[in-house]
Amino acid sequence: MTIESDHPLEQIDVTDDRTDYLWYRTRVKVPKSCLTKSERKLVLEDAGDVAFVYFDEKFSEMKHGRHDQLATFTFDLPDKIAKKTGEAVDIAILSQTMGMAHNQQHMEAYGRGLLGSVLLCGHNITQGQWLMRPGLEDVDDDAAVADSGSKSVTWHPYAARSHEQKTLRWYTIELDAQALVDDEKKQGLLDDPENYPRYAIDMASMTKGQLWINGHHLGRYWLRRAPEKKDYKPCQWCGYGGWFWPDNVCRQHCGEYSQRYYHLPRSYLQLPSKANPQARNFLYVLEELEGDAEDISVARRISTQPRGHHDRPIHGSRPTLWALFAHVCVFAVLAGAAGLAVAAYKRYKAREGYVPIGEHDSTTAGANTDAAPAGSAPNANVNEGTGNTEGNRDGNTE
């Protein structure tokens with residue numbers, strides 16, 4: 001669905017919040033002011049949250065704001081475009097939202113996309129013919145992602161250091177399914193459906209994007225680190241008394257990723273068997289910022305508790321009547337403290353983690369590293385496709 005307007009429209013109104021992406025396109029003549037090097041800028045005033053800019057279908061730069069605030073994005077105009085004075089050029093801007101505030105005043109008035117003026121070499125091009133189209137090609141269609149291994153899509157071998165360029169980029173990784181089968185055999189779980197292992201994708205080397213396995217959408221990933229420890233309080237300290245403040249409630253794993261493992265359902269995998277010995281599994285990754293796809297790996301979940309066991313909080317007993325004697329109240333408080341201590345100890349003993357599938361990669365294990373890694377790393381044949389103005393993986397525009 002393409003919408004035409006004489007100026008850029010607010011993003012949420014156009015997309016109805018069904019997608020994070022909205023294309024803004026216009027075609028304008030390059031003003032003479034672009035001949036001056038100091039003026040060779042494309043400026044987006046009051047924009048948010050992320051903008052990818054393309055000139056004549058060629059990617060130029062990406063800019064992003066901070067937190068929940070609109071920002072002014074300034075892009076350098078390529079010399080090749082600046083020299084086309086008087087000629088018409090295509091400008092495409094991919095706007096992306098990064099989430100909306102949920103606890104502030106007048107949230108309904110918040111907007112995203114291109115909300116201010118658009119300046120090209122100091123010339124205001126806000127008023128003109130603008131085309132807007134929500135979404136990225138294939139991203140919202142799992143069937144299209146599953147078909148991306150067909151001959152209609154051209155993949156390029158993974159190039160070293162190519163991930164350092166901040167642009168939309170597709171990756172396809174063929175997992176070593178035989179390594180998973182060998183690991184299950186070693187654990188004695190291959191023929192035990194009640195205790196099949198639980199797998200996850202370790203995305204610590206990536207930044208933000210989406211995942212698919214064999215055409216099944218695994219969801220979004222966003223690697224954010226918890227705040228570093230800044231005072232005398234330990235990272236595992238939790239306290240719920242007094243006024244609420246996030247930093248005082250429960251601080252754990254200071255400086256570590258809030259989430260690096262993303263669930264990989266075993267039912268989505270095609271494991272080799274007598275009936276299908278050549279089964280293949282493809283992981284598709286859409287990285288929106290930057291990341292090293294070669295370090296993506298598969299991990300197996302481990303636990304010190306039997307399958308199906310879940311910790312239940314132990315609440316200390318409380319007096320039911322305020323008229324109880326003082327010594328009964330004191331006893332209840334002590335009993336509650338003891339119960340919480342026992343519960344904390346049990347949670348510590350029952351903590352879960354991940355173990356990498358591959359002996360050579362021992363650094364990706366989770367909190368519990370007692371289980372020994374097994375099998376070879378299920379990562380191979382990493383390929384990539386560069387981002388472009390339609391999100392195609394072959395680098396073509398449409």
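Predicted model: local features only at pLDDT ≥ 70, side-chain atom pairs only at ≥ 80, totals over all residues.
Local features were taken at pLDDT of at least 70 and side-chain atom pairs only at pLDDT 80 or more, while totals for chains, interfaces and linings use all residues. Residues are numbered from 1 along each chain as its sequence is written, and side-chain values use heavy atoms, without hydrogens and water.

An open sheet is formed by 6 strands in the order 1-11-2-7-4-5, with antiparallel pairing. Strands are DSSP runs (E, at least two residues) numbered from the N terminus, and two strands pair if DSSP finds at least two bridges between them. Strand 1 (3-5) and strand 5 (58-64) stand at the edges with a single partner strand each, so one side of each has no neighbour in the sheet. Neighbouring strands of the sheet are turned against each other by 20 degrees on average, direction ignored; the axes are lines fitted to C-alpha atoms, with angles from 0 to 180 degrees between N-to-C directions. Strand 1 is joined by 3 bridges to strand 11 (residues 130-134), and the two run antiparallel. Within this pairing, serine 5 stands opposite tryptophan 130.

A search of the whole structure for disulfides (cysteine sulfur atoms within 2.5 Å) finds 1. It is formed by cysteine 34 and cysteine 121, with sulfur atoms 1.9 Å apart. Cysteine 34 lies in the loop between strand 2 (21-29) and strand 3 (41-48), and cysteine 121 in the loop between strand 9 (118-120) and strand 10 (123-124), so the pair ties together parts 87 residues apart in sequence. The torsion about the S-S bond is about 105 degrees, so the disulfide is right-handed. Relative accessible area is 0% for cysteine 34, which is buried, and 3% for cysteine 121, also buried. Buried denotes under 20%, exposed over 50% and partly exposed in between (1.4 Å probe, protein chains only).

The count of aromatic pairs is 7. Rings of Phe, Tyr and Trp (its six-membered ring) pair if their centres lie within 6.5 Å; planes under 30 degrees apart are stacked, over 60 edge-to-face, and the rest tilted. Tryptophan 23 and tyrosine 54 form a tilted pair, 5.7 Å centre to centre with 50 degrees between the planes. This pair links strand 2 to strand 4 (residues 50-55) across 31 residues, and both tryptophan 23 and tyrosine 54 are buried. Together with Phe59, Trp23 and Tyr54 form one aromatic cluster. Arginine 25 lies over the face of tryptophan 23, 5.0 Å from the ring centre; the criterion is NZ of Lys or CZ of Arg within 6 Å of the ring centre and within 35 degrees of the ring normal.

Technical notes
Helix = DSSP H or I, 4+ residues; strand = E, 2+ residues; numbered from the N terminus.
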